[in-house]
Amino acid sequence: PQAYSKTDACVAVLFSGGIDSVVLAALSHRHVPSSQPIDLINVSFFNDDINGSSLSPDRLAAILSYKEMQLQFPEREWRFIAVDVKYQEVKEQENHIRTLIRPLDSTMDFNISTAFWFAARGKGRLLDPTEVEQAQRELKEDKTSVDNNILETSSQQPLLRFAKQNHGNQRNKDSSKNQARQQCIREGCSRHALQGCIFQSCKFCCGKLQGPISSFLGKSARLCPSHNQIEVVATGNSKKSKKKTIDITNSRPCNHNNNITSSAKILISGVGADEQLAGYGRHRTTFQRGGYDALKCELQMEVNRLWTRNLGRDDRVLCDHGKEARFPFLDEDVVAFLENLPVERKCDMSLSPGVGDKMLLREVARMIGVNECSTLVKRAIQFGSRIAKV
């Protein structure tokens, strides 16, 4: 779509800072003209009698991911729109939102829909530079508390949960249990799979399996670290991988207290990623009870009911502001590709949360250069935005 002017955005991403929204933002960058800004809309709720200066988990994650987007794609103008909603505003819109989501009437449906409704309205403010510093400070304090086991004896939970850093060792231990060469999983192929291939296939079939992902991305995917060369930098007789560092304090300045309403008519949503790639905590519970067979049935059931359980509700709420919702993870080609993949290729429940769940999407995130969110553990929108606590 065409923007009204060079300063107007035609596309906005519902931006929680999680892996789903960050990947979609990065892919949007590939297709939206570079002269147009892309709005990253993040919503947070707070009570009127509570200090709203404390960052919600979604706001904290979104700021960290926003800084990485600026670093990875500096030619793009990324506009972080912080939507702050008081409890009084929620009460004022409650009857209207409940009308939109009928016949659904549960507290969970209302909370999710309220977050979507205020995000779709797009009325907020550009991010204050001081919030970036606050995000860095809160994350540092949060990490210190976790490292010192302060939170283990209290009911307080860490603001952000990342995968444990020893997940690589866990993967190595699991793989060392079976040293025998496995056969390529692709039907009809008699070649051996290369150890470490994320598809557990031979080089030829690995390339075939990456084909649909490459088409979706608009460039060569090169997801598999075993079959695709990893770029390294030689230092003396040793080699070490290139690594970009994120400077969270050096950013493009935003105007202080600059109120703004997004002009974007297209809203990009990450609905469908968790249901297809085992992103919810209940999927891990299902796996523990019945293994991959039970998990496969659970994922299929959730995908089959998405159209009536989620999409009608979400579409009515998002379109209430004259916006058009887009759900890239529910594109027919994407759904067909994921449906034909063995569930073991989409997730690995032997690995820790933040690594094994949505494993394929985390590989895509690392491939396109957004690493900050690639080990972030899933947090539902009603908890991440704090709508469930107001």
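Strands here, like helices, are DSSP runs numbered from the N terminus (E, at least two residues, for strands; H or I, at least four, for helices).

A word on what we're looking at. This is a predicted model, where local features need pLDDT of at least 70 and side-chain atom pairs count only at pLDDT 80 or more, while totals for chains, interfaces and linings use all residues. Residues are numbered from 1 along each chain as its sequence is written, and side-chain values use heavy atoms, with hydrogens and water left out.

Overall, the protein has 13 helices and nine strands. Out of its 390 residues, 49% count as buried, meaning under 20% relative accessible area, with exposed being over 50% and partly exposed in between (1.4 Å probe, protein chains only).

Back to strand 3, residues 78–86. Seven of its nine residues are buried, so the rest of the structure largely encloses it. Which way do strand 2 and strand 3 run? They're parallel, and nine bridges join them, strand 2 being residues 38–46. Strand 4, residues 123–126, pairs with strand 3 too, in the antiparallel sense over two bridges. Pairing takes at least two DSSP bridges between the strands. Ala-82 has Arg-125 in strand 4 as its bridge partner.

Now helix 4, residues 107–121. Its 15 residues reach 21 Å from the first C-alpha to the last, close to the 21 Å expected at 1.5 Å a residue; that expected span is 1.5 Å times one less than the number of residues. How many of its residues are buried? It's 12 of the 15, so to speak mostly covered, including Phe-110, Trp-117 and Phe-118. After the helix comes Gly-122, with a positive phi near 70°.

Those rings deserve a look. Arg-98 lies over the face of Phe-110, 4.3 Å from the ring centre. For that label, NZ of Lys or CZ of Arg has to be within 6 Å of the ring centre and within 35 degrees of the ring normal.

The structure holds five aromatic pairs. One of them is Phe-73 with Trp-78, tilted, at 6.3 Å centre to centre and 50° between the planes. Rings of Phe, Tyr and Trp (its six-membered ring) pair with centres within 6.5 Å; planes under 30 degrees apart are stacked, over 60 edge-to-face, the rest tilted. Both Phe-73 and Trp-78 are buried.
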